There are 2 protein chains.
Amino acid sequence: MKFMEDRILKDGQVRPGNILKVDSFLNHQLDITLLNEVGKAFYERFKDKGVTKILTVEASGIAIACMTANYFGTPVVFAKKSKSRNLDGDLYTSVVHSFTYGIDNTVTLSKKFLGADDKVLIVDDFLANGKAVNGLLDICRQAGAEVVGIGIAIEKGFQRGGDDLRERGYDLLSLAVVDEMSDTGIVFRKEA
Amino acid sequence: MKFMEDRILKDGQVRPGNILKVDSFLNHQLDITLLNEVGKAFYERFKDKGVTKILTVEASGIAIACMTANYFGTPVVFAKKSKSRNLDGDLYTSVVHSFTYGIDNTVTLSKKFLGADDKVLIVDDFLANGKAVNGLLDICRQAGAEVVGIGIAIEKGFQRGGDDLRERGYDLLSLAVVDEMSDTGIVFRKEA
């Protein structure tokens with residue numbers, strides 16, 4: 001969508017290693033006005049899907065999930081990347097590779113917060129190889145929950161995650177799809 | 001405040017090791033209605049302080065920070081617990097001991113997101129020994145930023161963090177202060 005593309009062009013920075021730095025508004029400093037626009041866009045697209053839970057993974061996904069849940073009026077559940085002393089009982093677990101941090105994380109979710117009655121909207125700030133989203137999809141599969149949509153702020157279209165999800169039939173809304181990026185500029189995919 | 005005390009009594013669980021489990025509404029599953037009440041309470045208390053930034057530390061603090069920022073209309077900045085490939089440039093750093101995870105974390109914040117012109121409201125879900133808040137205060141000191149208030153959802157009053165901050169003159173609002181907890185019940189501090 002235009003508001004996200006405009007903001008990336010205004011404040012995003014392309015760095016070596018296919019890194020798109022958006023830390024001034026999306027994942028270190030958080031522009032709450034922009035996050036409201038993100039939440040509203042996800043709500044407009046998925047409001048008729050009967051969403052019961054917004055699912056994401058810590059940490060920066062929590063911001064988008066909260067601002068989205070504020071429109072839906074549903075709870076957020078976020079998967080955790082490390083096992084806390086506070087987490088006990090039965091857990092769903094899935095292994096996720098973090099592109100940003102260069103390591104594998106086991107993400108966990110308490111079974112009591114996701115079940116077969118849930119209709120889930122998965123949200124996250126970035127989609128690149130799709131490892132985080134696929135970890136969340138794996139957790140939903142374990143829970144027997146229905147995934148009714150996936151909302152992403154920025155998709156790296158030159159990596160395979162988004163197109164793979166589309167080919168598998170998921171209803172994916174990426175607010176901006178970056179098909180090319182370099183020192184000389186950013187090319188966004190035209191909306192279908 | 002009564003709404004937070006009531007929710008703790010309804011859904012909180014006391015566990016061995018001074019753990020108060022509130023993962024059904026505050027730090028794993030997030031009750032967005034409750035988080036709005038938290039944000040509104042912080043806004044009512046600190047709205048005349050000229051707040052320019054809401055500061056917290058990942059992960060669960062992000063939820064409270066976003067819902068608070070939504071009332072203030074200011075950006076959130078959250079300190080990170082691990083060094084990301086995306087973090088570069090000059091960083092503020094401080095060492096924080098996590099009671100929940102039982103480890104020391106170095107928290108970092110990009111210098112460009114906090115400076116001497118900022119009036120900061122620090123927020124977090126829990127205050128126990130005060131290590132996380134003191135790490136954020138240390139970062140604010142390094143930045144030359146003024147801390148105009150501290151908002152906490154749940155304070156463990158039987159640990160020293162909150163009273164220490166009060167004695168040092170900080171304007172601290174804890175929505176619930178747990179002075180005693182055991183299998184037989186929870187005792188809240190009466191509001192001053």
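Which elements of chain A are included in what covers the buried residues of α1(A)?

Mentor: This is a predicted model, in which local features need pLDDT of at least 70 and side-chain atom pairs count only at pLDDT 80 or more, while totals for chains, interfaces and linings use all residues. Residues are numbered from 1 along each chain as its sequence is written, chains are lettered from A and ligands numbered from 1 in the order in which they are written, and side-chain values use heavy atoms, with hydrogens and water left out.

Helix α1 of chain A spans residues 2–11. Helices (H or I, at least four residues) and strands (E, at least two) are DSSP runs, numbered from the N terminus. Within this helix, A:Phe3, A:Met4, A:Glu5, A:Arg7 and A:Ile8 are buried. Buried means under 20% relative accessible area, exposed over 50%, and partly exposed in between, with a 1.4 Å probe and protein chains only. An α-helix has 3.6 residues a turn, so residues three or four places apart point the same way.

Now to your question. The cover over the buried residues of α1(A) includes a helix of chain A, α2 (32–46). Strands of chain A are also included: β2 (19–21), β9 (146–156), β10 (172–182) and β11 (185–188).

For comparison, here are some buried residues elsewhere. B:Asn105 lies in strand β7 (residues 103–110) of chain B, and is buried with a relative accessible area of 12%. Leaving aside neighbours within four places in sequence, B:Asn105 has contacts (heavy atoms within 4.5 Å) with B:Lys81, B:Ser94, B:Val95, B:Val96 and B:Ser98. A:Cys66 is buried too, at a relative accessible area of 0%.
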